[in-house]
Amino acid sequence: MVNSSIYEDGMYDSALAIVGMAGRFPGAQDVQTFWRNIAEGIVSIRSFSDDELLAAGVDPARLTDPSYVKAGAVLEGLDQFDASFFGYTPREAETMDPQHRLFLECSWQALEQAGYDPYTYRGLIGVFAGSAFSSYLMHNLVPQQELLEAVGQLQLDAGNDRDSLASMVSYKLNLKGPAVAVQTFCSTSLVAVHLACQSLLNYESDIALGGGVALQVPQGYGYTYEEGSILAPDGVCRTFDAQAQGSVMGSGVGVVVLKRFREALEQGDQIYAVIRGSAMNNDGSLRVSYAAPGLEGQANVIQAALSYAQVPIESISYIEAHGTGTRLGDAVELEAMRRVFEGQTQRKPFCALGSIKPNVGHLDRAAGVSGLIKTALALWHQQLPPHVNYTQPSAALEGSSAFY
């Protein structure tokens, strides 16, 4: 919901509007079901029975391994794709990474929901997107050497290479704005959205798609827990809870459609949420290890985004955190936010806090955009969804008066 008087005072000249969304998530084949699940506090991470695991091809010896976790977040419909609608032959579709298939479908659906036909739209539509490594290529295609020789290297690369994701969408949907492949691990989809925003502000695009996709193939296998890893030993993600021990990886895809706010308002677009500012940086070497988060870097990028957005600190009522459920990651994220917010407001507790990961797991390259879609829908419905798997605050949360 947007108040036009806010636009009239000039504060939104550099703001961007989310005018369309699409996605597939564990337990939800569209954003409407995704929101209903979140609003009802449904957890879409589930346990697998031994019979299910055996049917999926898991080695029977693994079932008795005490470090083997029989849980996961499954995305339905990976084998479903309307190839002819997008001009693919059955053979092309067979040798195409499901990540590419689903991201293409969701890009079309997001534009359709926004009310734009890419084949008749006269402006520039950009695509900024990233995907995970093609496990489909490794597990399904590489073993079929005769098939690989029949289709050829060029077709195989076009359908499976991460660098071809954005340009493939542009080619199939006739999009003439920038097509940029983004690869920054689990921040990929939010970096893609940030770059899409910059493209709009620089007038390189009139509409921009931003998002990411990550699919684990095969699914329903569970995983082996390793001490010190990001994965939980019990298959439950408890972000910010005293019993938090990590995440569960899942599969998902999310895409948002962005426009300059002024034009979205003037042209009567349905506006789900407004992006007032965004920022990105890197921690450099000031962290414990390459895979560990950096406190100073996180605090700096939060402050940079706030400074660019120019929103009053007191106006912030909710933060959707990365929230992996790991003790180090959550603690660093909370401390970074505390450093920024407690120096600028005396209100305690400061605002609500949540994360999508306890609901659907860590969606890797689609993790950030899934949280963005959740937050945009919360704004649209004017409803704060519950934070699941939370009973007692972690030591890091309890020590931060900004949120507790």
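Reply: An axis here is a line fitted to C-alpha atoms, for helices over the stretch in contact, and angles run from 0 to 180 degrees between N-to-C directions. Helices (H or I, at least four residues) and strands (E, at least two) are DSSP runs, numbered from the N terminus. The model is a predicted one, in which local features need pLDDT of at least 70 and side-chain atom pairs count only at pLDDT 80 or more, while totals for chains, interfaces and linings use all residues. Residues are numbered from 1 along each chain as its sequence is written, and side-chain values use heavy atoms, with hydrogens and water left out.

With these terms in hand, look at helix 10 (residues 188-201) and helix 15 (residues 367-381), whose axes come within 5 Å and cross at roughly 65 degrees. Helix 10 is therefore roughly perpendicular to helix 15, given that angles under 35 degrees count as roughly parallel, over 145 as roughly antiparallel, 65 to 115 as roughly perpendicular and the rest as oblique. Helix 10 brings S189, L190 and V193 to the contact, and helix 15 brings A367, G368, V369 and L372, where contact means heavy atoms within 4.5 Å. Sorted by class, this contact of helix 10 with helix 15 has 5 nonpolar, 2 polar and no charged residues; Ala, Val, Leu, Ile, Met, Phe, Trp, Tyr, Cys and Pro count as nonpolar, Asp, Glu, Lys and Arg as charged, and the others, Gly among them, as polar.

Among contacts between residues at least 6 apart in sequence, 79% join residues at least 24 apart. Of the 404 residues, 51% count as buried, that is, under 20% relative accessible area, with exposed meaning over 50% and partly exposed in between (1.4 Å probe, protein chains only).

Some loops also deserve a look. In the loop between helix 9 (165-173) and strand 6 (179-181), N174 has a positive phi of about 60 degrees although it is not a glycine, and N174 counts as partly exposed because its relative accessibility is 30%. Q310, in the loop between helix 12 (295-309) and strand 11 (318-320), has a positive phi near 55 degrees and is likewise a residue other than glycine; at 63% relative accessibility, Q310 counts as exposed.
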